[in-house]
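Here is a short briefing on a multi-chain model. Please look over the sequence and the coordinates first, then read the points below by topic.

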Amino acid sequence: MSPDLAQLFEYFLIFIILLFVIGFYCILVSFNLIRILIGVEILIKAATLLIILAGFLCGRTALAQSIVITLIVIEIVFMVVGGGVTFWAFRHNEDIDPRKLSDLKG
Amino acid sequence: MPSALILAPFLSLIILNLFPKEIMRKIAFGWVACLLLLQILLIVLYPGILFGAAGDPIGSFFAFELFIDALSKLLLLSIAIVVLASLTVAQYAIKDQTQRFNFTNLILIILIGMNATVIVTDLFSLYLFIEITSLSSFILISILKDKPAIEGAFKYLMLSVIASVFMLTSIAIFLLVSGSTSFAAVSDSFKNPANAFLVQIAAGLFLCALFIKSGVFPFHGWLPDAHSACPTPVSVLLSGIVVKAGGIYVLARLATSVFTFSAAMQNVLMFIGAFSIVFGALAALTQSNFKRMLAYSTVSQVGYMVLALGCFTPLALAGAVFHLFNHAIFKSLLFVNAGAVEKQTGTLDMNRMGGLSSQMPVTSTTSVIASLSAAGVPPLAGFWSKLIIILALWNAGHQTYAGIALVSSILTLAYLLAIQRKVFFGKLEQTLTSIKEAPLAIVLPEILLATITIAVGLSFPFIFNNWILPLKELVH
Amino acid sequence: MTLDFILLSVLVLAALWTVMTIRLIHSIVGLAITSVILSIIMYRLNSPLAAVFELSVCAGLISVIFIIAVGFTERTSKKMFPAERKERLTRFWYLPFIIIAAALLMSQFLIVPHFELPPPAESQNVRNVLWNLKHLDLLGQVIVLLAGAFGVAVLFKESKK
C-alpha cells in the first residue's frame, strides 16, 4: 500500500476512534434519554465513516455505498423505535431521566 | 427452494395488510399457523422440496445466495415450533383484537428475520437480518406499553446497539482486507498471514457482539429484565428462539465455516461459557419471580452451548446444537406454564403460590416434564444433549469443565425443583381455591411441547443417525 | 490531504459540541451539522450516492424525528434549569480533555499494523451492485421499513377505549 494512503488511513483511524469515544461517553454519562439516542447516532456515524473508508482503500466503493445505504435505513427505523420507547417512558415517569428506569432489580 | 422460506412470510405480510381489516383479522391466526405447520412438515417429512435436488427457480431469478445444511435444518425446525407455540399462546394472552393483529404481523417479520439469518451466506446480510429480528423484538416487548416492559425494552435497546456497532466495525475491517463480505471471502482472508493481526481483532469484535446478543455472563444485564417484563408469548419467543437463532447459531456458523479460531479464543469461549452456567444457576436460586428465575436459567443453559462450542470437537458441536433444539422446546414449555399460572392467579410471585397441582393438573404435569428435561434426567431429551456435551468435554481433555457442567446439572435440578415445590406442590393456599385450569389455547401448546420432549428423548437413536451425525461433518 | 485533516477536525469538534451543549435543541442542530460534514467527507472519498443519502436522511429526516420527540417530552416544570446546568457542566467537563489526551497519545503511539489490500477489481456502478447483485439487501430494507411502520402503529397509536 502506498505510503500516503497509509498515512491517510492512520489520520482517519485516529478521528474515527475519537468519534467512538465521544459517542460512548455520551451514552454513559447522560441523564436524558434523548441525549442517549443522540450518542447512539454518533456511534453509528463513526461506523459509517469506517465502512466508507474501508471501501475507498480497497477500491470497492460500490459495495461500501450499498452497505451504507442499507445501514442508514436501519438507523431511521432504530431512531423511530427508540423515540417511541422514550415517549412511553415519559408517559409513565413524567420524566426522561434514565435513572428513573430502575424498577426491575435483582 | 430456500427462498420460499423468506418470500412466503413476506407475501403473507403484504396480503394480510392489503385487504380490509375485518376479514383479515379473523383469518390472520389461521393463515400464519398454516404457514408454520407447512414449514415443520416440509422439514421433517419432505426435506427434498425445500433443499436439495429440486433447485431454486425463484431464488435464481432474484440472485439470492442462500444455503441450507444440517445445522440450518435443525434451526429452521426449532424456529417454526417455537413461533407456533408463541402464536397460540397469544390468542389467549393478548386480549385486544387490534393488538393481536399487530402481534401476528410482527411475528411474521421475526419469522422472516430468523429464517433468513440461518440460511444466508454473506456477513452483511447476516447483520441485516439480525437487526430485523432485534428491531421487531423491541417493538414486541413494548407491545402492551406497561412500565416494566418499557424499562426492559430500553435496556435491551442500549446493549443491542452496542453489539450492532461492534458488528459493523468488524464488517468494515473484513471489507478492508478481503474486498467482499461473503462468507467465502472472509474465510479466505484468514489464510493470508500478512493480515493476521487485523483479522483476529475483527473476529474478536464480532464475538463480543455475539456474546451481547446471546446473553452470556458479562453482558447478560438486559436478559432478566427484558424476558421477565414482557408479555408471555413474547417471553416464549425471546427465550425460546431469538437468543439462540440470533446469537448461538451465528456463533456456531462462524466458528465452523467462516472464522478460524485460535486456541486463545477457544479458551475464552469455554471460560465464559462455564462462568455463565454457574452464575446463571446461582442467580436463579435467589429469585422469587417465576419468569425472572426462568430468564436466569436461560443464561445458564446458553452457557452450556457456548462451553461446548469453545471445545470445538465434532461431538461437542453436535451436542451444542442438539442442546439448542432441546432448550428451545423445554424453555418455551416452561414459559407457557408461567404464562398459564400468571393468567389464572394474577401474580408471578412464587412465595404467594402453592399447591396448584390439584387445580391445574395439565400445567403442573408438563412443568415437571420440562424441569426434568432441563436438568438432564433420562430418558427425556435434555439428558441426551447434556450427556453428549459432558462426554465431548471429557474426551477432549477438559476434565475440569466436564466436572463443572456435571455439577451445574445438579444446581439446575435444584432451582427447577424449587419452582415445582413452591408453585405446584405443597399446601393449597386459601386464596387460590377457585383457580381453574387454563383454557385450550394455552393447554394445547403445553401438551404438544411436552410430547415433543418425551418423543425426542425416547427415539434418540433414530434421531441421532438422521439429524445429529450430519452435524459432525461441519467441523474439519 | 490538509483539506481532509481540516474536515475531520471540524467533524470531531461538531460532535463534541453536540454532546456538551446544554440545550437539547442545540444538540439536535449539532447532530445535523455533524451529518453535513460527514456527507462532505464521504463525497471526497469517492462515495457520492452515500453522501447524498446521508445528507437527505440524517441531516433532514432524523432531525425532524428528534425535534418531534423533544416536543412530545417537554418537561412541564422548568424550575430545575440553573442547577441542572451547573451539574451538567461538571460532568461533561472531562470530555474535551479526554479527547485531546487520546488524540495526542494515538498520534504518537498508534501503530497501524501493516496489512495487504485485496487485488483491485473492476470498478462497478453502485446502482448495478445494489439492484442486480444484492437483492437480499433490498428485500431486507423493505422488511425493515415495514417493521418500522408496525412500530409506529404499535407505539404511537392511542388505543380507543
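In chain A, 65% of the 106 residues are buried. This is a predicted model. In chain C, buried residues make up 29% of 161.

**Chain A**
- Chain A contains three helices and zero strands.
- Along the sequence the pattern reads α-α-α.
- Take the contacts in chain A between residues at least 6 apart in sequence: 42% of them join residues at least 24 apart.

**Chain C**
- Chain C has seven helices, again with zero strands.
- From the N terminus the elements run α-α-α-α-α-α-α.
- Of the contacts in chain C with a separation of 6 or more, 50% link residues 24 or more positions apart.

**Helix α3 of chain C**
- Helix α3(C) covers residues 48-72, which makes 25 residues.
- From first C-alpha to last, α3(C) reaches 35 Å. That is close to the 36 Å expected at 1.5 Å a residue.
- Which residues of α3(C) are buried? They are C:A50, C:A51, C:E54, C:C58, C:I62, C:F66 and C:A69.
- C:E54 counts as charged, and C:E54 is among the buried residues of α3(C).
- The buried residues of α3(C) pack against elements of two chains. From chain A these are α2 (33-58) and α3 (61-93). From chain C the partner is α2 (24-44).

**Chain C against chain A**
- The contact joins 66 residues of chain C to 59 residues of chain A.
- On the chain C side, the elements giving two or more residues are α1 (2-20), α2, α3, α4 (81-92), α5 (94-109), α6 (126-133) and α7 (135-155).
- Which element gives the largest share of that side? It is α3(C), with 13 residues.
- By residue class, the chain C side divides into 47 nonpolar, 14 polar and five charged.

**Chain C against chain B**
- Here 21 residues of chain C meet 29 residues of chain B.
- Two or more residues on the chain C side come from each of α6 and α7 of chain C.
- The largest share of the chain C side, 13 residues, belongs to α7(C).
- This side of chain C splits into 14 nonpolar, five polar and two charged residues.
- Both α6 and α7 of chain C also give two or more residues to the side that touches chain A.

**Nonpolar core**
- The largest nonpolar core holds 264 residues.
- A:I51, B:L309 and B:V321 have the most contacts inside this core.
- Helix α2(A) supplies the largest share of the core, at 20 residues. The buried residues of α3(C) pack against α2 of chain A, among other elements.
- What does B:V321 touch, leaving aside neighbours within four places in sequence? Its contacts are B:L71, B:L74, B:A252 and B:L471.

**Confidence in chain B**
- Chain B averages a pLDDT of 84, and 95% of its residues score at least 70.
- Confidence in chain B is highest in helix α7 (residues 123-141), at a mean of 92.
- Confidence in chain B is lowest in helix α4 (residues 57-62), at a mean of 67.
- Where pLDDT is low, the predicted coordinates should not be read in detail.

Terms used. Residues are numbered from 1 along each chain as its sequence is written. Chains are lettered from A and ligands numbered from 1 in the order in which they are written. This is a predicted model: local features need pLDDT of at least 70, side-chain atom pairs count only at pLDDT 80 or more; totals for chains, interfaces and linings use all residues. Helices (H or I, at least four residues) and strands (E, at least two) are DSSP runs, numbered from the N terminus. The expected span of a helix is 1.5 Å times one less than its number of residues. A residue is buried if 20 or more other C-beta atoms lie within 10 Å of its own, exposed if 12 or fewer, and partly exposed in between; C-beta atoms are placed from the backbone. Two residues are in contact if their C-beta atoms, placed from the backbone, lie within 7 Å. pLDDT is the predictor's confidence in each residue, from 0 to 100. A nonpolar core is a set of buried Ala, Val, Leu, Ile, Met, Phe, Trp, Tyr and Cys residues joined through C-beta atoms within 7 Å.
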